[in-house]
Amino acid sequence: MKVLVVGGGVIGCATAYELAKAGCAVTLFERAVPGAEASGAAAGILAPLGESSGSPFERLAIASWRLYPQVAEELRGRTGIDVEYVSRGTIYPLLTTEAVRAAGARVARLQSSVFGIEAWDAADLREHEPALARTVRGAMFVRGDHWVNNQRLVVAYAQAAVAAGVALHSGVAVTRVAIEAGRVRGVVADGDLLDTDAVLLATGAWTAQLAGTFGARLPVEPRRGQMLALTHVPPVVTHAIHAEDVYLVPRPSGELLVGATVERVGFKREVTAQGIGGLLAAALALVPGLGGLSISRTWFGFRPWAPDGMPILGPWPGVEGLYVATAHYRNGILLAPITARLMSECMTGHRPSPELKAFLPDRFLRP
Ligand SMILES: Cc1cc2nc3c(=O)[nH]c(=O)nc-3n(C[C@H](O)[C@H](O)[C@H](O)COP(=O)(O)OP(=O)(O)OC[C@H]3O[C@@H](n4cnc5c(N)ncnc54)[C@H](O)[C@@H]3O)c2cc1C
């Protein structure tokens with residue numbers, strides 16, 4: 001089967017890879033380079049436990065989280081790239097004694113043993129992460145929150161895809177999806193119409209624009225995130241730290257990521273004084289010892305967001321051969337492995353897995 005994948009973010013690259021492994025002849029079009037947008041801009045946090053325990057979203061997230069150790073090994077084996085998969089755990093700081101007490105009760109309710117969740121008091125914090133400010137009274141510690149270097153991850157997926165036979169075309173934008181008599185015919189790229197059996201739209205925050213080329217309205221919008229990195233050699237903190245207004249992610253390769261804003265500003269391609277200043281102020285309040293580190297870079301990215309905050313995954317209703325995988329919002333890195341597997345399964349003739357049911361595009365589209 002011939003498949004055209006549009007979009008070389010983590011979702012497009014990972015799915016192209018799985019499709020090639022399943023025997024498809026895959027062509028991937030990326031208008032810039034793999035990882036040029038949200039997938040390169042992310043922090044790479046793999047935190048599967050959400051607010052609503054046991055929800056379809058949390059089940060999907062946990063399923064993807066479970067795949068990660070194997071995915072990291074597989075990608076290293078096929079490409080030699082180390083995606084810096086770190087499983088040291090995340091500290092969620094608590095600032096009041098009541099919050100510390102409530103955390104103890106919450107730990108008892110959660111799947112504490114599977115995810116290694118502990119309630120820490122001030123003494124635990126001093127022992128495990130002494131650089132945290134004294135204003136932090138305690139913490140929830142989640143050993144199961146992991147992280148990867150997402151830039152490396154996208155490149156590794158892209159290289160693995162090419163090694164598995166995917167024809168990757170960087171610098172080629174798809175300008176139109178061609179549909180005839182209720183069936184996808186192909187895509188127009190560089191002015192040429194390319195015929196195919198199936199098309200996957202994996203164009204992140206730009207998917208609504210591409211859907212517009214065949215008259216469909218998909219309510220996917222960008223949510224800008226600004227971030228910065230500090231040179232972190234030698235490291236000041238050793239765990240990821242996730243507070244309400246900022247998170248810190250120490251990478252083995254010597255950077256500390258500080259993220260991230262969530263802004264509804266369309267596709268404004270800039271970092272702002274307020275965005276970066278706010279993140280820095282929150283980071284220094286949490287870990288005063290970061291003040292002397294140098295800023296190595298700042299950046300922004302556009303998370304693909306749908307009105308219910310959940311991914312949109314599966315066959316496009318009313319158009320045979322057309323599929324979409326987008327709107328992963330704040331969790332696209334975490335959800336990439338499971339998205340790639342489920343999409344590849346459903347595109348190669350299997351019925352959409354029950355795990356996709358809550359995420360089908362039908363909730364926004366009528367045939
Ligand atoms: C600051 C920030 C921090 C984040 N942190 C995390 C995190 O810690 N953990 C986590 O799990 N997630 C995180 N995310 C979310 C995650 O980055 C996204 O959910 C994920 O990257 C989306 O992947 P994607 O492939 O759908 O989109 P993208 O990576 O945006 O890829 C879409 C690709 O499609 C290409 N494209 C668009 N239109 C066309 C066209 N017409 N023709 C050809 N190519 C086209 C674009 O160039 C782009 O490369 C973060 C995001 C941001 C911005």
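**Salt bridges, sheet and core of the predicted model**

Glu 37 counts as buried, because its relative accessibility is 19% and the cut-off for burial is under 20%. The model is predicted. In it, Glu 37 forms a salt bridge with Arg 269, with 3.1 Å between the closest N and O atoms. The two residues come from distant parts of the chain, 232 residues apart: Arg 269 belongs to the loop between β16 (255–259) and α9 (273–286), and Glu 37 to the loop between β2 and α2 (38–41). Arg 269 is partly exposed, at 48% relative accessibility.

The whole structure contains 18 salt bridges. One of them joins Glu 320 to Arg 183, the closest N and O atoms being 3.9 Å apart. Because Glu 320 is in the loop between β18 and β19 while Arg 183 is in strand β10 (residues 183–189), this pair ties together parts 137 residues apart in sequence. Glu 320 is exposed, with a relative accessible area of 52%, whereas Arg 183 is partly exposed at 31%. A further salt bridge is formed by the side chains of Asp 308 and Arg 363, at 2.6 Å from N to O. Here, Asp 308 lies in the loop between β17 (295–305) and β18, and Arg 363 in the segment after α10 (332–347), 55 residues apart. Asp 308 has a relative accessible area of 37% and is partly exposed; Arg 363, at 26%, is also partly exposed.

Six strands form an open sheet of mixed pairing in the order β8-β2-β1-β12-β19-β18. The edge strands β8 (167–170) and β18 (312–315) each have a single partner strand, so one side of each lacks a neighbour in the sheet. Within the sheet, β1 (residues 2–6) and β2 (residues 25–30) run parallel and are joined by five bridges; Lys 2 has Ala 25 in β2 as its bridge partner. Helix α1 (residues 10–21) lies across β1, β2, β12 (198–201) and β19 (322–326), at about 170° to β2.

The largest nonpolar core has 62 residues, of which Leu 75, Leu 153 and Tyr 157 touch the most other members. Both domain 1 (2–80 + 150–220 + 308–363) and domain 2 (90–143) contribute residues, so this core lies between them. Among the residues touched by Leu 75 are Tyr 17, Ile 81, Val 83, Leu 153 and Tyr 157. Apart from this core lies another, of 25 residues, including Phe 29, Val 172, Leu 218 and Leu 365.

Notes. Residues are numbered from 1 along each chain as its sequence is written. This is a predicted model: local features need pLDDT of at least 70, side-chain atom pairs count only at pLDDT 80 or more; totals for chains, interfaces and linings use all residues. Side-chain values use heavy atoms; hydrogens and water are left out. A nonpolar core is a set of buried Ala, Val, Leu, Ile, Met, Phe, Trp, Tyr and Cys residues joined through side-chain atoms within 4.5 Å. Buried means under 20% relative accessible area, exposed over 50%, partly exposed in between (1.4 Å probe, protein chains only). Domain bounds come from an automatic or database domain assignment. Contact means heavy atoms within 4.5 Å. Two strands pair if DSSP finds at least two bridges between them. Helices (H or I, at least four residues) and strands (E, at least two) are DSSP runs, numbered from the N terminus. Axes are lines fitted to C-alpha atoms, for helices over the stretch in contact, and angles run from 0 to 180 degrees between N-to-C directions. A salt bridge is a side-chain nitrogen of Lys or Arg within 4 Å of a carboxyl oxygen of Asp or Glu. Lists of a residue's contacts leave out its neighbours within four places in sequence.
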